[in-house]
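I opened the notebook with a simple plan: to look up a few places in the chain one after another, and to write down what I found at each of them.

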Amino acid sequence: MIRTAVAEDDFRIASIHQELVERVDGFECNHRALNAKETMEILEQHPVDLLLLDIFMPDELGTNLFSRIRENFPEIDIIIISASSSATHVQKSLRYGVFDYIVKPVSLERLEQTLQKYLAFRGRLSEAGEMTQSHIDQLTSHRPPDPPLEKVEVNPEEQLPKGVDPLTLQSVREKIKNMESGVTAEEMGTFLGASRTTARRYLEYLISAEEAEAKPIYGIVGRPERKYFQK
């Protein structure tokens with residue numbers, strides 16, 4: 001049995017993905033993580049062969065885990081299941097050797113197709129002795145070619161203020177577009193690998209461009225938290 005874990009921040013979607021995996025012969029899925037921290041804890045505490053990994057998680061991007069997983073758990077394979085279709089995320093995923101990249105929502109047929117290919121891949125990979133070129137070609141044939149470098153369409157008429165980079169701005173636009181529940185400056189900073197102040201600069205620019213709006217979210221204690229939403 002292929003021991004599978006699901007890393008997905010939405011509990012309902014995680015349950016659906018777990019159920020889909022367990023419908024496919026040869027796979028079992030006994031572990032679910034709702035954030036990046038829980039994902040690494042599961043990998044440290046339990047034997048896992050295959051990780052179904054989301055990108056947008058509350059504490060850290062799934063793509064940020066690649067280097068740690070490759071360093072500490074080199075035999076674990078990864079399939080990305082994410083709402084992100086960003087070329088940056090796809091490129092990084094493929095360059096870190098993910099087995100497949102599936103854009104949500106995923107159907108049973110699409111996931112089953114990938115899992116069957118993975119099962120065959122594991123079988124061929126475990127063959128002993130010398131491998132012929134034909135065997136090697138079969139092992140690599142499931143992988144698509146590297147995607148072209150991302151091209152960001154920049155509006156030449158858009159006058160960006162000092163300190164606002166068009167490539168980073170595009171990433172911020174994509175992130176806020178995929179966050180229906182809103183995003184804070186701190187969360188955006190984590191996503192960008194930048195400070196909260198830098199992230200706020202980009203978010204406030206989107207407000208000035210009438211592409212986003214901010215709403216106060218009141219917690220139990222302390223000052224209300226400012227969340228940004230796509231207009």
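**Entry 1, the whole chain.** I noted at the start that I am working with a predicted model. I looked up the secondary structure and found nine helices and eight strands. I then checked how much of the chain is covered, and of its 231 residues 38% count as buried. For the accessible surface I wrote down about 13,200 Å², with 49% of that area belonging to carbon and sulfur atoms. When I turned to contacts between residues at least 6 apart in sequence, I saw that 58% of them join residues at least 24 apart.

I found Asp54 in the loop between strand 3 (50-53) and helix 3 (66-72). Is Asp54 buried or exposed? I count Asp54 as buried, because its relative accessibility is 3% and the cut-off for buried is under 20%. Setting aside neighbours within four places in sequence, I listed the contacts of Asp54, among them Asp9, Ser82 and Lys104.

I looked up the largest pocket next and noted a volume of about 680 Å³. Its lining has 29 residues, and those closest to the centre are Asp9, Asp54, Phe56, Lys104 and Asn178. Which elements give two or more residues to this lining? I found helix 1 (11-22) and helix 8 (185-192), and helix 1 gives the most, with four residues.

I located Ser86 in the loop between strand 4 (77-82) and helix 4 (87-95).

I ended with Lys231, which I found in the segment after strand 8 (225-230). Lys231 counts as exposed because its relative accessibility is 59%, and the cut-off for exposed is over 50%. Not counting residues up to four places away in sequence, I saw that Lys231 touches Glu210, Glu211, Ala212 and Glu213. I then looked up Ile176, which is 55 residues from Lys231 along the chain, and the C-alpha atoms of these two residues are separated by 9.7 Å.

How values were computed: Residues numbered from 1 in each chain as written. Predicted model: local features only at pLDDT ≥ 70, side-chain atom pairs only at ≥ 80, totals over all residues. Heavy atoms only, no water. Buried < 20%, exposed > 50% of the residue type's maximum accessible area, 1.4 Å probe, protein only. Contact = heavy atoms within 4.5 Å. Areas by Shrake-Rupley, 256 points an atom, 1.4 Å probe, with all protein chains shown as cover. 1 Å grid on protein atoms, 1.4 Å probe; cavity = no way out; pocket = protein on both sides within 12 Å on 5 of 7 lines; lining within 4 Å. Points joined across faces, edges and corners; volume = space filled by probe spheres on them.
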